[in-house]
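Reader: I have a model open and want to learn how to read it. Where do we start?

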Amino acid sequence: MRFRSPFTFKLRQLILLLAITATAAILFSGLYISYQVQKERVIEDTLKSNHVFASKLASATDHFLAAAMQQLEFSAKIIAKDITNTELLQAETNRLLKQTNSFNSVVINKLGVLKAASPASLNIINKRVDSPHSKQAFKLQRPLISRPYVSLANNLMVIISYPLFDEAGNYYGYIGGSLYLEQQSILNALLKQHSYDGGAYFYVVADDKTLLYHPVSERIGEVGQNNPVINRVLKGEDGHARVINSLGMHMLAGFSPVKLANWGVVAQRSEVATLATLDTFQGLLLKRMLPIVLITFVLIGVLAHFIAKPLRLLADSANLSTDQQNVANLKSIKSWYFESQQLKAAMLEGVNILQSKMGQLRQDALTDPLTGAHNRRGLYLLLDKLIQEQVPFAVLEIDIDFFKRVNDTFGHDVGDEVLKTLTCVIKQVSRKDDIVARTGGEEFLLILPNENSDSAFVIAERLRNEVANTPMAKVGCINVSIGIATWPQHSDDIDQVYKCADKALYHAKETGRNKTVIASLN
Ligand SMILES: Nc1nc2c(ncn2[C@@H]2O[C@H](COP(=O)(O)OP(=O)(O)OP(=O)(O)O)[C@@H](O)[C@H]2O)c(=O)[nH]1
């Protein structure tokens with residue numbers, strides 16, 4: 001039995017392992033790479049679209065502010081014609097409110113006294129207004145957009161103002177429009193109409209980082225944290241960036257400045273929300289691919305089985321046994337690809353060589369090397385078979401007469417040639433089923449199956465005469481003496497039969513040689 005380590009893998013398992021590992025590696029690395037590429041793409045697209053959105057909104061806000069400023073300029077020109085006429089001032093502020101619908105307007109003279117307001121409120125006309133914006137407007141005497149501030153009526157607002165000069169060019173004050181940030185205002189209405197969906201939103205910041213607009217209205221008026229995107233947009237930069245917002249979320253932000261007011265618009269979407277669709281898609285892809293992957297694995301398994309089968313069968317037959325069954329098994333293995341065919345051919349060749357070598361060895365073990373006749377072991381094997389099959393036979397013990405003289409006279413080599421020639425003569429006289437054996441120096445046995453003493457005697461005499469009439473090289477003619485015994489007539493013990501034949505031969509020698517003697521039956 002061959003020893004097999006418990007850690008020895010079979011070829012089929014290895015092919016399977018290799019193929020499945022390779023398939024899984026290709027599949028998952030493909031999925032991973034495609035996910036990464038798509039992720040980068042989606043992020044890039046989102047950043048760009050957020051930037052485009054922020055740019056459009058910033059441009060719309062710029063246009064809105066420019067238009068508001070133009071309206072104020074137009075009113076300023078009308079007022080300049082009769083600047084002390086408070087009715088005219090009131091009429092103009094009323095017209096402005098009506099024209100813009102939610103653009104509350106005021107006229108404030110250079111002393112800070114409110115001269116007209118729409119919607120009109122008796123309580124505030126002729127009252128002093130002391131806002132930072134007024135001070136700046138009086139000082140700069142030019143069109144201005146204020147920073148967000150809390151008004152007397154506790155409203156968070158932005159003022160857009162235009163300077164008023166009389167026809168002589170003397171500075172009078174300014175006409176201003178207020179935009180309420182927390183309440184419904186024309187600015188709010190403008191921004192709200194640009195809804196942004198899919199988890200995206202935008203906000204607008206003033207130059208002091210105050211939130212002018214935010215979808216969560218409670219946050220309007222809040223001063224922005226140290227947000228890099230706000231910092232960049234307030235520096236006038238236009239672009240996009242990945243940023244972490246105040247809640248610690250990774251955001252994909254596009255930003256664009258509102259140049260006229262030095263405000264900034266930021267449109268952003270969380271990275272998680274952006275990639276959620278991609279994750280769902282990837283999950284769906286994996287789900288759809290799973291049956292194909294499983295089928296592939298099954299096919300790999302079947303293929304691995306067919307690839308490994310011939311090699312496994314060859315390995316099972318690789319004991320180089322010359323047993324016929326093993327050789328037949330080896331021949332029946334279907335080697336359907338080159339390597340297994342080569343291996344099978346090599347193994348069959350090896351078995352053939354082994355078979356012929358073993359046959360030769362077996363033959364050598366049973367044959368006399370000088371004459372090619374059976375040796376004693378070969379003879380016994382064949383006799384055992386005859387005895388087993390109960391085939392009667394005669395034993396002829398043949399001995400050369402005075403062979404010593406041949407050796408002494410002509411040498412040992414010539415003696416060897418005589419032994420070989422005698423073997424040929426014995427074989428010529430005998431039949432196919434007879435057994436020729438050399439059992440001693442110049443002693444031969446000829447076994448004649450199915451012959452009795454009498455018929456064996458006739459054959460022995462024919463042989464003796466044939467020998468006597470066959471000249472041997474250098475030596476000339478020689479003679480042989482023959483003793484005959486039969487199995488089972490003389491004895492059913494083969495050794496006893498030999499002894500009988502031996503006795504008969506001895507008798508032939510004693511009584512003059514060159515004769516045949518049948519052993520007596522007693
Ligand atoms: N050349 C040769 N001679 C052998 C071989 N084996 C035995 N002999 C010789 O055979 C001879 C047998 O001689 P003996 O037993 O005295 O018998 P013999 O001379 O034949 O006389 P008888 O048998 O009594 O007629 C001896 O000289 C052996 O050396 C062999 O293989 N080759």
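Author: With polar contacts: a polar contact is a pair of N or O atoms within 3.5 Å; within protein, one must be able to donate a hydrogen and the other to accept it, and residues adjacent in sequence count only if both atoms are side-chain atoms. This is a predicted model, where local features need pLDDT of at least 70, side-chain atom pairs count only at pLDDT 80 or more, and totals for chains, interfaces and linings use all residues. Residues are numbered from 1 along each chain as its sequence is written, and side-chain values use heavy atoms, without hydrogens and water.

Reader: Which backbone atom lies 3.2 Å from an oxygen atom of the ligand?

Author: A polar one of I400. Side chains take part too. A polar atom of the D416 side chain is 2.8 Å from a ligand nitrogen atom. For K509, a polar side-chain atom is 3.0 Å from a ligand oxygen atom.

Reader: How much of the ligand does the protein bury?

Author: Areas come from the Shrake-Rupley method with a 1.4 Å probe. Alone, the ligand exposes 660 Å², and the protein buries 67% of that.

Reader: Which element gives the largest share of the shell?

Author: Elements are DSSP runs: helices (H or I) of at least four residues, strands (E) of at least two, numbered from the N terminus. Helix α11 gives four residues, the largest share.

Reader: In what order do the five strands of the open sheet run?

Author: Strands of a sheet pair through backbone hydrogen bonds, either parallel or antiparallel. Pairing here requires at least two DSSP bridges. The order is β8-β7-β11-β10-β9, with antiparallel pairing. Strands β8 and β9 are the edges, each pairing on one side only.
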